[in-house]
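Trainee: Hi! Could you walk me through this protein? I have the viewer open and I'm new to it.

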Amino acid sequence: MQCLSTLRMTLTLLIVGETGAGKSSLINMLANQTLAPVSLDAAICTQSFSEYLFQVDSIEVRAYDTVGFGSARSGSSSDFVPYEVALDMLRSLKIKFDLIFLCTKGDKLNPTTQHLYHLFYDFFFDKTVPIALIVTHREREKQSMDDWWSRNQAEIKNYDFAGHACITLSHKSAAHRRKQSKQSVVKLLSTSYKRRTLDKPTTTLFDRLTNGTTFLTEKCGLSNEDALFLTRKANPHIRIPNIVLFGEAGVGKSSVINLIAGTKMANTSYGARACTLDSTEYRLNTETSCLRIFDTAGLDRPDMGREEYISATESATKLIQTLRRVGGVDLLLFCIRGGRILKNQQTNYKLFQEGLCDKKVPVAILVTHLEHTNMMEEWWTENERFLTRLGIECQAHACITTINQNTEVYRAKLDESRQCVLKLLKEQVKEGGEPFIMDSDKWLSQFLKKMGGFVTSKKKEHSVRRGLFCFPCGSYRPELT
């Protein structure tokens, strides 16, 4: 539990499961007191959700107990209520969840539990929130409570559980089993800090919305009518904001990723240089939201050479196709190094703000490597007018350091920097905002035309422009002579 206390004071936990799986009893066990009312009638279904705040060791936990789910195909309109309540809860709370506990009580991974896994982990959260399986009623096991997990391996291997706990919640169980149960569940709380780096989106936004009805009927057990209703209702609420982080090599983009995440997530390499427009996707959980950030290599000089352009064109194709699939761009994060303002910073700004986003996406500037200045913000006061002369304008900025050294001064500046960046993201990534997005071919054509303006030869620029529309399809590769 040490990593939790150093990164965040409150952990937000969502507890879902079939009716009678013991969600309320689980909360009471974690809180070590009776907070949630326990119904003896498993058929009773509340029409809302409940919030509970309690301590687990030194960590404050905010748990949300949802309506118990039953079979979605029983034919009763009341069976759809939990799905509506779950969506309404996610919409009304407007907060980020750190972890999902999926509770089940059966001897196997029953259909209802499988449906809930896909509904919350895949559909609602797009695999951005870790989900752990809590198997209750294991007082039935004669030897080890974990025997359930061993017996069901053939089915479980098809699911991406971040962890599991096979437990008993019965007061009639032996004391050592009750103690073991609580320890197993408490240990799972640390899985909220299991992060992953993705080479490509897993389940894309457009696929989820376009094929939502099919997904909910096939994976979540809903009727076609209910699936259509839920999809239409969910459309505005399941989007993850997309941020493009760009800048020349060595400005500290990967370190910015780690700063935002509060832990090492991206590898920082000072020797290797990525190809222009190569991009790595990260999904980050901040204190208030889930974000998708594309760490994208910019230009290291004001113009481009032959091979660099060809390589960048291929990378641009992949980047735009990915941005199109995940729903567009919400914010540009321009990373520059504190010190002299260089011409290539103007080039990078124009390439991304004008070329990639058609001047329709807000830009925030992060000025890095300011750890040796007394007041980091002074850099902006002294240099803002020079940026303006270069046509570099922004809606927000943060003067920061990403150097993590074990001295009091560096730690204070690092903490100050992280809070500044988190505040900037909270203010600039607007909930329900309209992302910038275009048709893929038009978007790519516009971007490559802008990038063609940075090649070193006019003859080469003409050759580039002539080949724009067929190169992305692979039918033509511009020969630059």
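Mentor: Happy to. One term to start with: buried means under 20% relative accessible area. Keep in mind that this is a predicted model.

Trainee: Okay, which residues of α7 are buried?

Mentor: In α7 the buried residues are R177, S181, V185, V186 and L188.

Trainee: And what do those buried residues pack against?

Mentor: They pack against helix α2 (23-31) and against the strands β2, β4, β5 and β6.

Trainee: How many residues does α7 have, and how far does it reach?

Mentor: α7 has 14 residues, and its first and last C-alpha atoms are 20 Å apart, close to the 20 Å expected at 1.5 Å a residue. The helix covers residues 175-188 and lies across β2, β4, β5 and β6, running at about 165 degrees to β6.

Trainee: Now the strands. In what order do they sit in the sheet?

Mentor: The order is β2-β3-β1-β4-β5-β6, six strands in an open sheet with mixed pairing. β2 (50-56) and β6 (163-166) are at the edges with a single partner strand each, so one side of each has no neighbour in the sheet. On average, neighbouring strands in this sheet are turned by 25 degrees against each other, direction ignored.

Trainee: Do β2 and β3 pair in the parallel or the antiparallel sense?

Mentor: Antiparallel: β2 and β3 (residues 59-65) pair over seven bridges. F54 has V61 in β3 as its bridge partner. The two strands form a hairpin with two residues between them, and D57 in the turn has a positive phi of about 55 degrees.

Trainee: And what about β4 and β5, parallel or antiparallel?

Mentor: Those pair in the parallel sense, with five bridges between β4 (residues 99-104) and β5 (residues 131-135). C103 stands opposite I134 in β5.

Trainee: Changing topic, I clicked on L323. Where does it lie?

Mentor: L323 lies in helix α12, residues 306-326. L323 counts as buried because its relative accessible area is 0%.

Trainee: Which residues does L323 touch?

Mentor: Leaving out residues up to four places away in sequence, L323 touches V244, F294, G328, V329, L356 and W443. There is also F436, 113 residues apart from L323 along the chain, with 9.6 Å separating their C-alpha atoms.

Trainee: One more, G262. Is that buried, exposed or partly exposed?

Mentor: G262 is partly exposed, with a relative accessible area of 27%. G262 lies in the loop between α11 (253-261) and β9 (279-285). Its C-alpha atom is separated by 8.4 Å from that of T286, 24 residues apart along the chain.

Trainee: Great, thanks!

Methods
Residues numbered from 1 in each chain as written. Predicted model: local features only at pLDDT ≥ 70, side-chain atom pairs only at ≥ 80, totals over all residues. Heavy atoms only, no water. Pairing = 2+ DSSP bridges. Helix = DSSP H or I, 4+ residues; strand = E, 2+ residues; numbered from the N terminus. Axes fitted to C-alpha atoms, helices over the stretch in contact; angles between N-to-C directions. Contact = heavy atoms within 4.5 Å. Buried < 20%, exposed > 50% of the residue type's maximum accessible area, 1.4 Å probe, protein only. Expected span 1.5 Å × (residues − 1).
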